[in-house]
Amino acid sequence: MRTQAGFRVPAHAVTTRNLGAAYPLVAEAGLGHRGVLIGHDLLGGSFVYDPFELYRDGVVSNPNMIVFGQIGRGKSSLLKTYLWRQAVFGRRAWVVDPKGEYAGLADLWGVRPVALRPGGSIRLNPLDPVQTAAGKPDPGGPDDPARRQSELLASLASACLGRSLAPRERAALDLALASARRSSAVPTLPRVVEALLEPADESATSIRTDRTTLLEDGRDVALELRRLVHGDLRGMFDGETTAGLDLSGPLVVLDLSALYTSAALGVLMACATAWLQAAVSRDGPADQAFLVVDEAWAILANLGVARWLQASWKLSRAHGVANVAVLHRLSDLTSVGATGSEQVGLAEGLLSDSETLVIYAQPPGEVARATELLSLSPTEAELVPQLRRGIALWKVGRRSFLVRHVVGSSERALVDTDAAMGRP
Ligand SMILES: Nc1ncnc2c1ncn2[C@@H]1O[C@H](COP(=O)(O)OP(=O)(O)OP(=O)(O)O)[C@@H](O)[C@H]1O
Ligand SMILES: [Mg+2]
């Protein structure tokens, strides 16, 4: 080969495997042809993706996905069409929909979204027990329903209080949960609040204290949780799950749009997600299903529930569920008000539990953080702020792709969220 200056340099021969590592994006062999079509790989060919196939082939070690992107870049459009295309393979989907925009998808699938409204007719019990995938769980192990209920309650309480729980508060809460579990097969938030406000003798003696002290220990927690039971948020998560909800369809959408402006959106979304996780585990076959939390930044805005979300993602794998979360910016992962190392740990934990990252345009101010957290190459870092609507950098395991998501003409109505903005 001759350079412009006329010097001769030896030709460089490498295997395609090494070339792919040396020139990410430029020399990528694609992810194969098993899965759903997402769109065009901008460097040639079509882009087909399936987390379960890739998991089976060892390309990724978990099927979870996080989609990042500024407002209006096409995150929800990607997910709606993705789930619809996955339906061809008989895969089911469960969606937490804080904006109420998955009704079109539900229509196509012939199901009705479950709409939650304060004081409405539908109740979901976030303390519904999770069914373990294989036999009886280890008591106290991460899959033990009692432990998961306790972790959810502690997260909700700490999110409502805006701080971590003190050891005595945590103990009072756990004892109240145990008492609620003794008094009925399925604990509910009102039963836990009741048990906090009227602790049983045996609860107090089990930690060598008296009932009055135990009541004082748990009073702040009870008063905060009471908001979900008696306050402005009542009527949604404060009782046993409404009987007769049909969850057998291929798609279950929880429409939380009536709560979108609530200051407690993150807490409510965590309740909804917890209920969905329990329902997925029971009402399977959850094998190879998707659990999508759109606008998940609202959950992550709160340290208590962010921790819970991260822990619960780990457990879904046993049920064959691929989790999908939608965030705006990388900083959503680190803006939860924890100390520096806790923030980074939480972000790193969620990222390592999500081996597919779909990155739509990020503001220039986010690039340094993205580069650090996602190990972007200099080329990728330069591209990320410039990506146009519908185009994203996909990082799947250790590989990168630049992909234009293609929306078919029959899918347009499904994705058009600009209509409300008055666009023709
Ligand atoms: N790949 C695409 N091709 C063409 N139009 C698209 C594409 N993706 C999204 N759009 C259009 O862009 C608009 C915004 O898309 P969408 O609602 O998916 O964005 P978003 O990133 O979810 O926004 P938000 O952060 O506000 O939720 C929609 O009207 C949709 O029709
Ligand atoms: Mg959206």
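Tutor: Let's begin with a definition: a residue is buried if 20 or more other C-beta atoms lie within 10 Å of its own. In this predicted model, 44% of the 424 residues of the protein count as buried.

Student: What makes strand 7 largely enclosed by the rest of the structure?

Tutor: Apply that cut-off of 20 or more C-beta atoms within 10 Å. Five of the five residues of strand 7 are buried, so strand 7 is largely enclosed by the rest of the structure. Ala289, Leu291 and Val293 point one way, while Phe290 and Val292 point the other way, and all are buried.

Student: How do you know that strand 7 pairs with strand 8?

Tutor: Two strands pair if there are at least two bridges between them. Five bridges join strand 7 (residues 289–293) to strand 8 (residues 321–327), and these two run parallel. You can look for Leu291 opposite Asn323 in strand 8, and for Val293 opposite Ala325 in strand 8.

Student: Why are strand 2 and strand 5 called edge strands?

Tutor: Look at the whole sheet: eleven strands form an open sheet with mixed pairing, in the order 2-1-11-10-9-3-8-7-4-6-5. Strand 2 (46–49) and strand 5 (114–115) each pair on one side only, and they are the edge strands. Helix 3 packs on this sheet, touching several strands, among them strand 1, strand 7 and strand 8.

Student: How do you know that the reach of helix 3 is close to what is expected?

Tutor: The expected span is 1.5 Å times one less than the number of residues. For the twelve residues of helix 3 the expected value is 16 Å, and the helix reaches 16 Å from its first C-alpha to its last.

Student: Which helix gives the most to the shell around ligand 1?

Tutor: Helix 3 (residues 75–86) does, with three residues. In total, 16 residues surround ligand 1, and the closest include Ser76 and Ser77. The shell divides into three nonpolar, eight polar and five charged residues.

Notes. Residues are numbered from 1 along each chain as its sequence is written. Chains are lettered from A and ligands numbered from 1 in the order in which they are written. This is a predicted model: local features need pLDDT of at least 70, side-chain atom pairs count only at pLDDT 80 or more; totals for chains, interfaces and linings use all residues. A residue is buried if 20 or more other C-beta atoms lie within 10 Å of its own, exposed if 12 or fewer, and partly exposed in between; C-beta atoms are placed from the backbone. A residue is near a molecule or strand if its C-beta atom, placed from the backbone, lies within 6 Å of it. Helices (H or I, at least four residues) and strands (E, at least two) are DSSP runs, numbered from the N terminus. Ala, Val, Leu, Ile, Met, Phe, Trp, Tyr, Cys and Pro count as nonpolar, Asp, Glu, Lys and Arg as charged, and the others, Gly among them, as polar. Two residues are in contact if their C-beta atoms, placed from the backbone, lie within 7 Å. Axes are lines fitted to C-alpha atoms, for helices over the stretch in contact, and angles run from 0 to 180 degrees between N-to-C directions.
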